[in-house]
Amino acid sequence: MAHEWRNWTGDQRCAPAAVYRPRTLEGLSYAVREAAERGLAIHAAGSGHSFTDAALTDGAMVRIEALNRVLDADRESGLVKVEAGISLASLSDALWERGLAMENLGDIDTQTLAGAISTATHGTGARFRNLSAQVSALELVLADGSVIEVSERDDPDAFRAARVGLGALGVIYSVTLRAVPAFSMRRVDSPQPLQPTLADVDELAARNEHFEFFVFPYTDTALVIERNRLEGPPKPRGRVDAFVNEILIENYGMDILSRVARRFPASIPRLAGFAARQFSRTERTDRGYRIFASERRVRFTEMEYAVPRQDGPEAVRRVLELVRARRLPVGFPIEFRLVAPDEAFLSTAHERETAYVAVHQYKGASWEPYFRAVEEIMDSYGGRPHWGKRHFQTAETLAGRYPRWPDFQRVRARLDPEGRFSNAYTDRVLGPVRG
Ligand SMILES: Cc1cc2nc3c(=O)[nH]c(=O)nc-3n(C[C@H](O)[C@H](O)[C@H](O)COP(=O)(O)OP(=O)(O)OC[C@H]3O[C@@H](n4cnc5c(N)ncnc54)[C@H](O)[C@@H]3O)c2cc1C
């Protein structure tokens, strides 16, 4: 196929009519204007790490990875301006060289900065907000090729809309971030009984800067992960040690189990029990950003819901009960994280203390009945789906879950009155642009 584009899992594909790969702001501005003049719909794609069709288009796809330079960095204020196609990994390296860091990150760091903020990508930490809350200004290219800068001071509504914009307002050229002084971190993983872990979530969250856990369905052992800042320089473990733990055990071990589980679904409860017994206490210290992110070589698909924080533990219990009761063939763990509220209009943590519950299925395994049943549970809490992860919601079902939904739509109509930056995903989850 001429320009086939696929996401990371390989199950979201499109064939854009045109693909642009600008290397400069002028090139980006030219590409957007030209595509609009050709009458094409326009959508930016990051690194394709969304499980939804968020980045897909059959119009003009703007690939932003070559827009990856650090434009300005001020160590004193922590303000750092970068081109928005920079990967979180390259950004973190560049910040470290300047004595700076992102205050929080998610599980991986291969996404582009623009892609990550556009779907409200988050890490964990009850006192930390999602990545888009670290943004202090953005430059957006609109359909006529013009460039606008949006910030809290100059245009608070546009700023709060554009921080988590699903690519529906224009193409983000640059992001100015509020970085923090660089820090080292310790990560401790430990197997813990599930029920006490669920009962102690508040205490674990208060005791740790970044707390999360994983649990395999059909088991009652959680792998609790505690990450905390550390005084002094990092002491990374040897490369061989890191390779054995992360690549061989977490990735290849998981891949083999997942293949067996996909082929012999009836064996899943036993395999899950076996996998949970492999959880062991491990400890690692390194540069903060290296402790946040891990390598993910096993391909899967995922759904994740943001629910009010106090409902999180019960939501996990209900998902586990659902899997057991319906004997669903689920060989991938459930992940639980916490995030502080923020004010971006479409942030999944918009103005509420949030627990995230994520469910996964191995690539090629049946996911839809499981995810639909989980979504029913999350609906009962007014759950908000991660914009980059699978869900079945529509603009009608989502509007009531976001108090500032009408404000987002007003900004959208102002910045993109013709709906030039729409795609099938935004049509479904945001509806048409209404002037
Ligand atoms: C293995 C794996 C682990 C993950 N871990 C986490 C995690 O820990 N926490 C979490 O919250 N999420 C996580 N995600 C989800 C991921 O962070 C998001 O889906 C993110 O949006 C992907 O970024 P991307 O660069 O790949 O963007 P894409 O998926 O390519 O695009 C995402 C959205 O951003 C828009 N976009 C991209 N560039 C621009 C631009 N320049 N201007 C305007 N809009 C733009 C696109 O149009 C699209 O709507 C994970 C995904 C995978 C595959």
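1. Strand 13 (residues 184-193) and strand 15 (residues 221-230) form an antiparallel pair held by 10 bridges. Two strands are taken as paired if DSSP finds at least two bridges between them, and the strands (E, at least two residues) and helices (H or I, at least four residues) are DSSP runs numbered from the N terminus. Within this pair, arginine 187 has arginine 227 of strand 15 as its bridge partner.

2. The model is predicted: local features need pLDDT of at least 70 and side-chain atom pairs count only at pLDDT 80 or more, while totals for chains, interfaces and linings use all residues. Residues are numbered from 1 along each chain as its sequence is written.

3. Strand 13 also pairs with strand 16 (residues 282-287), in the antiparallel sense, through six bridges. Here serine 184 stands opposite arginine 287 of strand 16.

4. The chain is divided into domain 1 (5-62), domain 2 (65-181) and domain 3 (184-385); these bounds come from an automatic or database domain assignment. The centres of domain 1 and domain 3, taken over C-alpha atoms, are separated by 31 Å. Five residues from domain 1 and five residues from domain 3 make up the contact between them, where two residues are in contact if their C-beta atoms, placed from the backbone, lie within 7 Å. On the side of domain 1 that touches domain 3, two residues are nonpolar, two are polar and one is charged. In this classification Ala, Val, Leu, Ile, Met, Phe, Trp, Tyr, Cys and Pro count as nonpolar, Asp, Glu, Lys and Arg as charged, and the others, Gly among them, as polar.

5. An open sheet of three strands, with parallel pairing, has the order 3-5-4. Strand 3 (18-20) and strand 4 (42-45) are at the edges and have a single partner strand each, so one side of each is left without a neighbour in the sheet. Strand 4 runs parallel to strand 5 (residues 60-63) and is joined to it by four bridges. Histidine 43 is placed opposite methionine 61 of strand 5.

6. The shell around the ligand draws on both domain 1 (5-62) and domain 2 (65-181), so it lies between them. Of the 32 residues around the ligand, those that come nearest are Gly46, Gly106, Gly115, Gly167 and Gly388; a residue is near a molecule if its C-beta atom, placed from the backbone, lies within 6 Å of it. Strand 4, helix 3 (113-118) and strand 11 (171-178) each supply at least two residues of this shell, and helix 3 gives the most, with four residues. The shell residues comprise 13 nonpolar, 17 polar and two charged.
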